[in-house]
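User: Please take a close look at one part of this model, the strand pairing and the helices packed against it. Keep the answer connected.

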Amino acid sequence: MKKQAIGMLLCAALSTSLLSGCGGGGQPAETSGDTAGAAPYSISANAPEGTVTAYICQKFDESLRQSTGDAMTGNVYLNGTLGNDTEVAEQVMSGQVQFLCTNTANLVTMMPELAVMDMPGVLTNLEQARGAMDNTDFRGKLNEIFENNGMKLLLLSDQGFRQTSSNKALRSLADFKGLDIRTMENNIHMNYWQALGANPTPMNRAEVFISLQQGLLEAQEDPYCSIQANNYAEVQKYIVETNHIFSNIIFVCNLDYYNSLPEDDRAALDKVCDELLEDSRSYCDKANDDALTAMQDEGMEYIKLDESVLDEISKIAAEKVTPLVREQAGEEMTDLFMKAANA
């Protein structure tokens, strides 16, 4: 509630003065009286510098300013300044915040159909995963779901696959038994790790580092670039390529705000997002490659699971997790996702 109140106050301030864009917030900028264009916007992400999520926010802000000649301008808030992703999603729905960049897994409680995008074991490589996300029928259904919740889906990108960092070497299925691991607060993720015999604990990001450092947790899971950005190499010994869940990133805005924009501004915004898709994917691939190299240089041991172990894990996921996803997301959405994944 405190964060929501802070978010509302910040957004009220944004409605009366143009703000200069920067990574972690900014100061009001002097503006001339004849400045034309839309009211200043706010962009929120609960992610640190160096992540794909942060890059999308900052690049969008920079490109939109340039494209519209500063007719559209605003401010970027990283590190959960305006609240956690669920809180800010509610603010976007109500129009208090204009833009949000987050992982779809954070919004499953609001939009249960999104659970299909956390289905483990179905997407196995980047080409297949991105092809599924770009599938016309699947994307059309996603657009409809977001619009029914008062949001416009502008961009569907990713930060690659989720991997596992650990203080316990994970080489066989047996090694996952009893593993104390931090997960997102998402029932699909938690059920996945439980199916492998691990002990998943949903935890706020701010508490993870100290919990790993003090031994309260043995492991956590994230894309490589997020593991590095949060400095987990300082408190983790192993980096394990589990590729267990594809980590989608969505960039959304308030639907009424989008529809209220002048035609030229709306066209500029759409063009920026179209160009940002491939740009963000290229950034993602390089960021993950660089992060993996950097973490090994810092002393983490890299473990690539044998294909036989991955096959065992996929079978468990299909038996114990896929039925849960189908129940939560619904038959239509699940079948549409599976069709896109196998196209």
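Analyst: Two strands count as paired if DSSP finds at least two bridges between them. Strands are DSSP runs of E with at least two residues, and helices are runs of H or I with at least four, both numbered from the N terminus. By that rule β1 (residues 41–44) pairs with β2: the two run parallel, and four bridges join them.

The model is predicted, so local features need pLDDT of at least 70 and side-chain atom pairs count only at 80 or more, while totals for chains, interfaces and linings use all residues. Numbering starts from 1 along each chain as its sequence is written, and side-chain values use heavy atoms, without hydrogens or water.

Now the sheet around that pair. β1 and β2 belong to an open sheet of five strands. The order is β2-β1-β3-β10-β4, and the pairing is mixed. β2 (74–77) and β4 (151–161) take the edges. Each has a single partner strand, so one side of each has no neighbour in the sheet. From one strand to the next, the twist averages 15°. Axes here are lines fitted to C-alpha atoms, for helices over the stretch in contact, and angles between N-to-C directions run from 0 to 180 degrees.

Helices pack on these strands. α2 (residues 52–68) lies across β1, β2, β3, β4 and β10 (246–254). Its direction is at about 160° to that of β1. α5 (residues 136–148) touches β4 and β10, contact meaning heavy atoms within 4.5 Å. The angle between α5 and β4 is about 125°.

Next, the other sheet. Six strands form an open sheet in the order β7-β6-β8-β5-β9-β11, again with mixed pairing. Its edges are β7 (199–202) and β11 (301–304). Neighbouring strands are turned by 25° against each other on average, direction ignored.

Inside this sheet, β5 (residues 163–166) and β8 (residues 219–222) run antiparallel, paired over four bridges. T164 has E221 of β8 as its bridge partner. Helix α7 (residues 205–213) packs on the sheet and touches β6 (180–183) and β8. The directions of α7 and β8 make an angle of about 140°.

Last, confidence. pLDDT is the predictor's confidence in each residue, from 0 to 100. The protein chain averages 89, and 89% of the residues score at least 70. Residues 1–36 stay under 50. The model has 65 contacts beyond four places in sequence for residues 1–36. Where pLDDT is low, the predicted coordinates should not be read in detail.
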